[in-house]
Amino acid sequence: MSFITDDPNMLDDWLVAGPATALAGTSEARPRAARLLGETLQLWGDAAGTPQCRLGSQALAVQSRHGYLWVCPGGTPARPLFDFPEYGEAGRRIVDCGAIGVAVSGLRVIENFLDMAHFPFVHADVLGKVPHTEVATYQVRIEPGTGEIWATDCRFWQPRASAAHDSGSEVLYKYRVMQPLTAMLYKSSHRAGKLDAIGLFLQPLDDEHVIAHTLLACYDDTSTDAELIAFQHTIFGQDKPILENHAFKRMPLEGRAETPTRGDTSSVTYRRWLRERGMRFGVRQAA
Ligand SMILES: [Fe+2]
């Protein structure tokens with residue numbers, strides 16, 4: 001048995017393998033199966049509730065954090081899992097919005113997540129509305145300590161920014177890319193001075209298929225969990241067919257296969273960041 005890639009960006013990092021709640025009722029004799037990089041893992045909680053993971057007869061490193069199970073397929077993680085301080089912050093609601101399969105490279109899903117220019121067209125009357133199509137200049141930097149991409153000072157006019165919003169407002173966004181297949185979005189909330197956090201954690205099944213896990217850590221005293229989840233599903237349901245209809249399922253990183261457009265500083269930075277780490281998994285090889 002072996003994984004379908006030898007890219008250390010996948011093998012030597014922590015990859016999400018499903019929600020931590022999936023371990024309820026499991027044991028070594030009754031594990032839960034999860035797909036990752038072309039293989040089927042067995043996951044269970046031991047007598048102390050500590051997660052365990054096996055591929056065939058081989059034990060793999062696994063940890064439960066931020067509400068999810070994270071597996072290091074190669075066995076030797078090159079770095080610790082990213083921090084998510086908002087997950088444990090008092091006053092926030094933590095809502096797991098479930099898992100959605102997407103038939104495209106996960107790199108495409110993250111790039112789309114970072115892109116504000118599509119809001120008025122793909123999420124019309126919710127996250128954007130014509131003629132409010134301008135993506136104002138924003139800042140993008142790589143954090144020296146963590147190597148994460150941060151895009152800050154992003155502002156966009158939105159008709160209905162979240163389940164708790166019922167009128168238009170200019171919304172402040174921050175984006176954060178922690179790993180090639182994980183990203184966070186922080187945006188204006190209903191609590192003054194506080195930002196809602198939305199995590200997008202992609203479980204790579206193969207180069208052209210992921211399971212997208214979405215988690216909210218938000219301030220909302222009125223919406224039900226079902227309403228919060230429905231809002232996220234509506235947004236994701238609008239992105240999914242567009243993602244799955246890309247001419248190339250994998251992400252081109254070289255040459256001019258797709259010409260960058262205005263307002264996509266995040267995308268340019270993300271692609272360069274992937275090239276610099278020698279990303280091969282989910283990447284379209286130049287012809
Ligand atoms: Fe979208």
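Trainee: In which loop does Pro 131 lie?

Mentor: This is a predicted model, and in it the peptide bond that runs from Val 130 to Pro 131 is cis, with omega near 10 degrees. As for its place in the chain, Pro 131 belongs to the loop between α3 (119-122) and β9 (139-142).

Trainee: What is the burial state of His 66, buried or exposed?

Mentor: His 66 lies in the loop between β6 (61-65) and β7 (68-72), and its phi, near 55 degrees, is a positive value in a residue other than glycine. Within 10 Å there are 21 other C-beta atoms, so His 66 is buried.

Trainee: Which element supplies the largest share of the side of domain 1 that touches domain 2?

Mentor: The domain assignment gives domain 1 (8-72) and domain 2 (92-284), and the centres of the two, taken over C-alpha atoms, are separated by 26 Å. Their contact takes 14 residues from domain 1 and 14 residues from domain 2. On the side of domain 1 that touches domain 2, at least two residues each come from α1 (8-11), β1 (15-19) and β2 (32-36), while the largest share, five residues, is supplied by β1.

Trainee: How do the residues of that side of domain 1 divide into nonpolar, polar and charged?

Mentor: Taking the side of domain 1 that touches domain 2, its residues divide into eight nonpolar, four polar and two charged.

Trainee: Which residues is Asp 96 in contact with, leaving aside its neighbours within four places in sequence?

Mentor: The place of Asp 96 is in strand β8 (residues 93-102), and because it has 17 C-beta neighbours inside 10 Å, Asp 96 counts as partly exposed. His 123 is 27 residues from Asp 96 along the chain, and the C-alpha atoms of the two are separated by 21 Å. Once the neighbours within four places in sequence are left aside, Asp 96 is in contact with Pro 19, Gly 67 and Leu 215.

Trainee: What distance separates the C-alpha atoms of Leu 185 and Leu 114?

Mentor: Leu 185 has its place in strand β12 (residues 182-188) and, with 18 C-beta neighbours inside 10 Å, counts as partly exposed. Leaving aside its neighbours within four places in sequence, Leu 185 is in contact with Phe 113, Tyr 173, Tyr 175 and Ile 198. Leu 185 and Leu 114 are 71 residues apart along the chain, and their C-alpha atoms are separated by 8.3 Å.

Trainee: How far apart are the end C-alpha atoms of helix α5?

Mentor: Helix α5 (residues 265-276) has 12 residues, which at 1.5 Å a residue should span 16 Å. The model agrees with this, as the end C-alpha atoms of α5 are separated by 16 Å.

Trainee: What arc do the buried residues of α5 cover around the axis?

Mentor: The buried residues of α5 are Ser 266, Ser 267, Tyr 270, Arg 271 and Leu 274. They are on the same side of α5, because around the axis they cover an arc of only 130 degrees.

Trainee: Which exposed residues are carried by the face of α5 turned away from its buried side?

Mentor: What covers the buried residues of α5 includes α2 (106-114), β9, β10 (149-158) and β11 (169-179). The face turned away from that buried side carries the exposed residues Val 268, Arg 275 and Glu 276.

Key. Residues are numbered from 1 along each chain as its sequence is written. This is a predicted model: local features need pLDDT of at least 70, side-chain atom pairs count only at pLDDT 80 or more; totals for chains, interfaces and linings use all residues. Domain bounds come from an automatic or database domain assignment. Two residues are in contact if their C-beta atoms, placed from the backbone, lie within 7 Å. Helices (H or I, at least four residues) and strands (E, at least two) are DSSP runs, numbered from the N terminus. Ala, Val, Leu, Ile, Met, Phe, Trp, Tyr, Cys and Pro count as nonpolar, Asp, Glu, Lys and Arg as charged, and the others, Gly among them, as polar. A residue is buried if 20 or more other C-beta atoms lie within 10 Å of its own, exposed if 12 or fewer, and partly exposed in between; C-beta atoms are placed from the backbone. The expected span of a helix is 1.5 Å times one less than its number of residues. The arc is that of the directions from the helix axis to the C-beta atoms.
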